[in-house]
There are 2 protein chains.
Amino acid sequence: MTGSEDVILALLILIGHWVHVTLGGVALAPVELPDGTGNDTSKLFNWHPVLMTLAFAVLMAEGLLAYQSPLLPGLTREVRKRVHWGCHSAALLCAGLGLLAALQSHRLKRPVPMPDWYSPHSFLGLTALAAVAAQFFLGAYAYLWPRLGLPQRLALGPVHRFVGMTAWVAGLAAVATGVQEKLTFLQLGRKMAGPDLYGPAVRVPAAVLPLLVALAALVLYH
Amino acid sequence: MTGSEDVILALLILIGHWVHVTLGGVALAPVELPDGTGNDTSKLFNWHPVLMTLAFAVLMAEGLLAYQSPLLPGLTREVRKRVHWGCHSAALLCAGLGLLAALQSHRLKRPVPMPDWYSPHSFLGLTALAAVAAQFFLGAYAYLWPRLGLPQRLALGPVHRFVGMTAWVAGLAAVATGVQEKLTFLQLGRKMAGPDLYGPAVRVPAAVLPLLVALAALVLYH
Ligand code: HEM
Ligand code: HEM
Ligand code: HEM
Ligand code: HEM
Ligand SMILES: O=C1O[C@H]([C@@H](O)CO)C(O)=C1O
């Protein structure tokens with residue numbers, strides 16, 4: 001739908017800016033502390049929001065838009081289908097790596113590793129990931145290989161569409177809770193108060209959430 | 001749909017338990033501190049999650065279910081419509097009071113009032129409230145009073161349904177981010193670690209989020 005690409009771009013810029021400027025950027029390994037007392041895994045963790053945003057707000061959104069006629073009107077249904085599952089494959093890869101980044105940032109933390117599964121966000125995230133993975137493999141089995149017969153595919157259509165939308169929206173909600181959790185860590189960790197609470201460190205991630213609502217509405221409106 | 005009433009009940013019990021046992025229950029006014037240095041507005045605030053859960057996970061869900069045939073098969077369309085707008089009226093009232101509880105818990109805090117609008121949750125919450133209020137007044141204007149002509153009502157149908165679903169899901173996402181924010185406050189405030197992170201103070205609110213996904217799926221599946 002008109003406008004969805006603009007919202008996707010805005011989300012990418014906002015999350016990119018937030019991770020790069022406010023959260024300090026990304027790194028592929030833990031950074032040793034100069035005093036030798038342990039390490040800082042926060043830049044390794046920062047791949048998590050980057051990859052999850054790519055997966056859910058960019059790649060899956062593009063995968064869903066591929067089936068909408070006004071976009072690239074010249075495409076045949078066969079090509080749209082290839083874009084659809086290509087984008088969802090890339091999204092699943094990013095989501096898997098994004099999960100790994102979060103898990104490893106906990107596991108590799110020194111002197112003491114960090115715990116897992118202590119947040120509502122992680123429960124919702126796991127639910128969304130399970131739903132998206134199930135949807136992906138069922139979709140691939142039914143529509144691609146070995147591929148069901150036409151009557152079965154026609155019968156599956158409404159279920160595939162509804163479960164796909166639900167899984168995707170659950171993923172966007174996981175993005176929202178993740179942004180909320182990380183920002184609360186930051187606000188309390190840095191003892192933010194007064195004008196800091198009204199600056200870009202807060203307003204940039206906060207703007208992401210209403211934009212996620214706009215994205216879901218623009219992509220799913222039929 | 002089958003199961004939605006069970007999920008609504010489960011959400012009510014989980015949030016009720018969490019607010020009552022973990023967050024310390026509700027009160028209609030700030031509680032003065034025994035040492036006279038100020039007050040505790042957290043029990044006043046606790047009306048916020050209770051009323052918002054009632055509004056979005058209970059009353060609005062019932063309002064949407066009213067249009068689904070398997071539920072109370074004897075109902076005429078006229079009665080379903082009355083249940084629909086009745087539930088949404090009650091929901092809007094609860095949501096308004098829920099917002100007031102959050103705002104007043106900030107405003108009445110002593111010795112220093114607390115700031116507003118410092119969270120992604122509050123941005124998403126305001127977006128959802130604006131969407132729900134607009135949907136409500138447009139719906140009342142079009143379908144109830146002064147009421148549009150039949151062709152206009154028929155044309156509005158798909159828009160009313162889609163915008164309504166979007167606004168409701170945005171509200172459920174606001175519930176999810178609110179639970180995440182409040183629990184992070186608690187975890188850091190009480191310096192929770194080790195087994196505490198895997199006890200009911202965390203697991204009860206965490207279970208709410210996957211249940212919200214289940215609720216949205218059960219209510220919206222057509
Ligand atoms: C910008 C987006 C995101 C941010 C800022 C973010 C933030 C976080 C944070 C701070 C943690 C560590 C604390 C914890 O375990 O709760 C975390 C963990 C986790 N996140 Fe995210 N998240 C985002 C998106 C997502 C998405 C879209 C999913 C899945 C659909 C997801 C799934 C998870 C899971 C499963 C964990 C648990 C890992 C563990 O327990 O070790 N996140 N996230
Ligand atoms: C996480 C992965 C996936 C999600 C979230 C998803 C979601 C969706 C959604 C929402 C639609 C409806 C699009 C629209 O009408 O605008 C759709 C259609 C479709 N998807 Fe997927 N999908 C996924 C994976 C796959 C895979 C791997 C395939 C394999 C080729 C596939 C094949 C199709 C086909 C053929 C349609 C058209 C079905 C019809 O209209 O009858 N999907 N998908
Ligand atoms: C169980 C559900 C909820 C919980 C635990 C919760 C939690 C919180 C918390 C901790 C605050 C204070 C911190 C802040 O300003 O961010 C807050 C404020 C707020 N909440 Fe919620 N919330 C819930 C549901 C909702 C819902 C469903 C909405 C709207 C649809 C909403 C809208 C707001 C708004 C607008 C504020 C800002 C008030 C201010 O800035 O003074 N909340 N909520
Ligand atoms: C926040 C408030 C509201 C929301 C979220 C909302 C949402 C919805 C949804 C999702 C449906 C489709 C239900 C289904 O087919 O299962 C619907 C139908 C309907 N709503 Fe609302 N609604 C709201 C307020 C109102 C109000 C105040 C009225 C005034 C009477 C109203 C009148 C109707 C009517 C007449 C239908 C049936 C329309 C049709 O199918 O053509 N709604 N609403
Ligand atoms: O006022 C109403 O409008 C709709 C329908 O007539 C047009 O969608 C309906 O069911 C009503 O009760």
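Me: Why is His121(B) called buried?
Reply: The relative accessible area of His121(B) is 14%. Buried means under 20%, exposed over 50%, and partly exposed in between (1.4 Å probe, protein chains only). His121(B) at 14% is therefore buried. This is a predicted model: local features need pLDDT of at least 70, side-chain atom pairs count only at pLDDT 80 or more, and totals for chains, interfaces and linings use all residues. Residues are numbered from 1 along each chain as its sequence is written, chains are lettered from A and ligands numbered from 1 in the order written, and side-chain values use heavy atoms, without hydrogens or water.

Me: What about His48(B): buried or exposed?
Reply: Buried, because the relative accessible area of His48(B) is 12%.

Me: Which protein atoms hold the donor positions at the iron atom of ligand 2?
Reply: NE2 of His84(A) and NE2 of His160(A), lying 2.0 Å from the iron. His84(A) sits in helix H4 (residues 77-107) of chain A and His160(A) in helix H6 (residues 150-189) of chain A, so the pair ties together parts 76 residues apart in sequence. His84(A) and His160(A) are both buried.

Me: What surrounds ligand 2?
Reply: The shell holds 21 residues; the closest are Tyr67(A), His84(A), His160(A), Arg161(A) and His222(A). A residue belongs if one of its heavy atoms lies within 4 Å. An N or O atom in the side chain of Arg161(A) is 2.7 Å from an oxygen atom of ligand 2. H5(A) gives the most to the shell, with six residues. By class, there are 10 nonpolar, eight polar and three charged residues.

Me: Why is the pair of Tyr221(A) and Phe162(B) called edge-to-face?
Reply: Their ring centres are 4.7 Å apart, with 80 degrees between the planes. Rings of Phe, Tyr and Trp (its six-membered ring) pair if their centres lie within 6.5 Å; planes under 30 degrees apart are stacked, over 60 edge-to-face, the rest tilted. At 4.7 Å and 80 degrees, the pair is therefore edge-to-face.

Me: What does the pair join?
Reply: Two chains, because Tyr221(A) lies in the segment after helix H7 (200-220) of chain A and Phe162(B) in helix H6 (residues 150-189) of chain B. Tyr221(A), at 28% relative accessible area, is partly exposed. Phe162(B), at 19%, is buried.

Me: How do you know that Phe136(B) and Phe137(B) are edge-to-face?
Reply: Their planes are 85 degrees apart and their centres 5.2 Å apart. Phe136(B) is partly exposed, at 21%. Phe137(B) is exposed, at 53%.

How values were computed: Donors are N, O and S atoms within 2.8 Å of the metal (3.2 Å for Na, K and Ca); water is not among the atoms, so sites may look incomplete. Helices (H or I, at least four residues) and strands (E, at least two) are DSSP runs, numbered from the N terminus. A polar contact is a pair of N or O atoms within 3.5 Å; within protein, one must be able to donate a hydrogen and the other to accept it, and residues adjacent in sequence count only if both atoms are side-chain atoms. Ala, Val, Leu, Ile, Met, Phe, Trp, Tyr, Cys and Pro count as nonpolar, Asp, Glu, Lys and Arg as charged, and the others, Gly among them, as polar.
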